[in-house]
Amino acid sequence: MVLGAVSAFACGEKFLAEVPASMGAPENFYRNATHAVQAVTGVYDGLQPLVAGSNGPIQLSLATDIMRGNQWGGTSGLRAYIISPDETIIADYWRQHYYAIKNANTAIENIPGIDMDEAHKNELVGEARFIRALLYFNLVRTFGAVPYVTAEFTSLKELHVARTEVATIYDGIVDDLKFAIEYVPRKRALGAYDGRARKEAAEGLLAKVLLTRGSMEKRDGRGDGMAYFTEAVTYAQRVMESGTYRLCPYFPDAFIRDNKNNDEILFDVQFKSGGLGEGNYLGMGYGLMGPEQYGGSWGTLHSTRYFHLMYEPTDTVRQEWTTTQVTVATRDVNGNTVAYIKNDRGPETNERWKIGKFRRYPIRGSFTFSDHDINWPFLRYAEILLIYAEAKNEADRGAPASQTLAALNELRWRARHVNKGYIHHDLYPRELSYEATSVPDLQVADLPTYEAVRDYIMDERARELGGEASRWFDLIRWGKLEERLRLLEQASIYPEGVWSDAIDDWRGTVTVNLRPHHYLLPLPSGEMLANPMLRPQNPGY
């Protein structure tokens with residue numbers, strides 16, 4: 001069966017008709033343009049399980065220099081780098097990706113045979129190929145060589161094939177994205193973002209793929225990555241010059257549910273509340289601690305103290321929104337039963353620093369904590385700027401070009417905007433003020449060398465993208481995972497007089513257990529038993 005029912009989420013707030021289960025088989029289903037649209041909507045639907053849980057993607061369960069890892073949900077092994085091939089979360093991650101790939105392959109193979117408008121047909125196939133590229137990009141970065149299957153299959157049993165070389169998988173990803181770039185329209189031609197992949201999203205994802213390939217080639221001593229970095233600059237620049245995407249002037253507005261489908265989002269996973277089975281738990285893993293009925297969360301995603309201190313003292317909006325230590329309380333100072341923000345910051349408290357990026361406070365309208373409709377961003381314009389700056393710095397390998405600093409300074413421009421009131425009250429509608437000198441532009445004198453720019457970008461990607469499941473992937477492609485985790489044990493990284501709670505979660509657990517083989521996760525043991533052709537297991541497991 002291709003899909004039993006098609007969700008409404010892929011077209012923003014629009015509903016699409018359900019597909020009767022009796023029509024699910026390809027020979028009964030792929031008959032007209034309506035079926036083609038419904039099938040591709042089903043392909044989008046496969047992205048939801050990858051991020052819909054309270055703690056987001058699996059990478060957020062792995063400890064990094066900026067996150068302690070998921071504290072609940074049976075993932076303590078991942079958090080402490082005691083990782084077994086028997087981990088349920090790893091098996092789920094594998095199966096969810098291949099189920100989504102199955103639907104993408106079926107759509108890609110069957111839509112071309114439908115008698116319909118040729119441009120629309122290619123557009124739909126391009127969207128499905130974009131999603132297939134994204135799925136394999138996740139898999140190859142997580143496991144290395146995996147079965148790369150592009151033909152239609154009906155069950156995971158048909159995946160009893162050998163693992164494919166990493167380079168071949170990346171070549172297939174690039175081919176899929178270049179097809180999407182050729183046939184999927186730009187956002188400008190369609191108006192507002194509607195939840196579907198557009199040409200700029202394919203260009204941006206391709207730039208990210210190329211940057212990753214260049215970084216890993218350089219990391220492994222197989223070359224200098226220069227060809228990949230140069231091409232990554234080209235594709236990132238295309239997005240920047242399209243004129244259709246821009247930063248939200250106020251950092252929190254890139255994430256809040258009140259501002260979904262904003263001009264910063266190139267591609268995200270869409271959700272819709274209302275008891276439709278299209279909501280998520282994301283607000284419960286991220287956010288301010290406190291009772292759920294008042295907009296609090298479980299706070300299972302913890303920031304390290306080191307992460308909180310990575311921000312410049314005046315970069316308070318990004319710092320406080322992303323790494324927070326406040327609580328939603330139920331009684332104010334006068335004893336009234338209302339939700340309000342209790343400030344717990346300080347060395348005397350045991351409250352952990354949380355990742356608060358997708359918070360639910362304050363609640364606006366009705367809600368169910370398990371049916372949240374905040375979207376999950378896979379690619380924001382902010383990351384395009386960072387991809388461009390990093391790739392250009394790597395390609396130039398000298399004093400920073402003005403274009404490199406200009407891209408980084410766009411993020412600093414955004415950091416100067418503050419909203420009325422206390423940031424955690426999240427007062428809406430916005431009344432922004434611009435603090436012109438708070439986060440000044442970078443000058444060549446600040447970052448005079450290739451190495452200085454590289455190191456700045458390594459930290460800036462954390463400051464901007466922390467909590468969005470990018471950090472583990474970044475540390476892996478740079479070859480910096482062990483170095484950065486061991487850094488947390490050094491007292492010298494903390495300002496004098498600043499109390500650090502980093503040691504207790506790391507010493508004797510994470511850094512003792514960490515090994516070079518943790519640059520990949522193990523293939524699920526159940527999959528290897530079912531398919532002996534997957535052997536050998538990744539080294540070290």
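Predicted model: local features only at pLDDT ≥ 70, side-chain atom pairs only at ≥ 80, totals over all residues.
Residues are numbered from 1 along each chain as its sequence is written. Local features need pLDDT of at least 70, side-chain atom pairs count only at pLDDT 80 or more, and totals for chains, interfaces and linings use all residues, while side-chain values use heavy atoms, without hydrogens and water.

**Helix packing**

Helix 7 (residues 166–183) packs against helix 8 (residues 199–219) at an angle of about 155°, and their axes are 8 Å apart. Helix 7 is therefore roughly antiparallel to helix 8 (an angle over 145 degrees). Helices here are DSSP runs of H or I with at least four residues, numbered from the N terminus; axes are lines fitted to C-alpha atoms over the stretch in contact, and angles run from 0 to 180 degrees between N-to-C directions.

Contact means heavy atoms within 4.5 Å. Residues of helix 7 that meet helix 8 include Tyr170, Val174, Leu177 and Ile181, and those contributed by helix 8 include Leu205, Leu206, Val209 and Met216.

**Largest pocket**

The largest pocket has a volume of about 490 Å³. Its lining comprises 26 residues, and Val166, Met216, Arg219, Asp220 and Arg222 lie nearest the centre. Lining residues have an atom within 4 Å of a point on a 1 Å grid, where a 1.4 Å probe is used and a pocket is an open set with protein on both sides within 12 Å along at least five of seven lines. Helix 8 supplies the largest share of the lining, five residues.

The table gives both sites by class, with Ala, Val, Leu, Ile, Met, Phe, Trp, Tyr, Cys and Pro as nonpolar, Asp, Glu, Lys and Arg as charged, and the others, Gly among them, as polar.

| Site | Residues by class |
|---|---|
| Contact of helix 7 with helix 8 | 13 nonpolar, one polar, six charged residues |
| Lining of the largest pocket | 14 nonpolar, four polar, eight charged residues |

How values were computed. Helix = DSSP H or I, 4+ residues; strand = E, 2+ residues; numbered from the N terminus. Parallel < 35°, antiparallel > 145°, perpendicular 65-115°, else oblique. Points joined across faces, edges and corners; volume = space filled by probe spheres on them.
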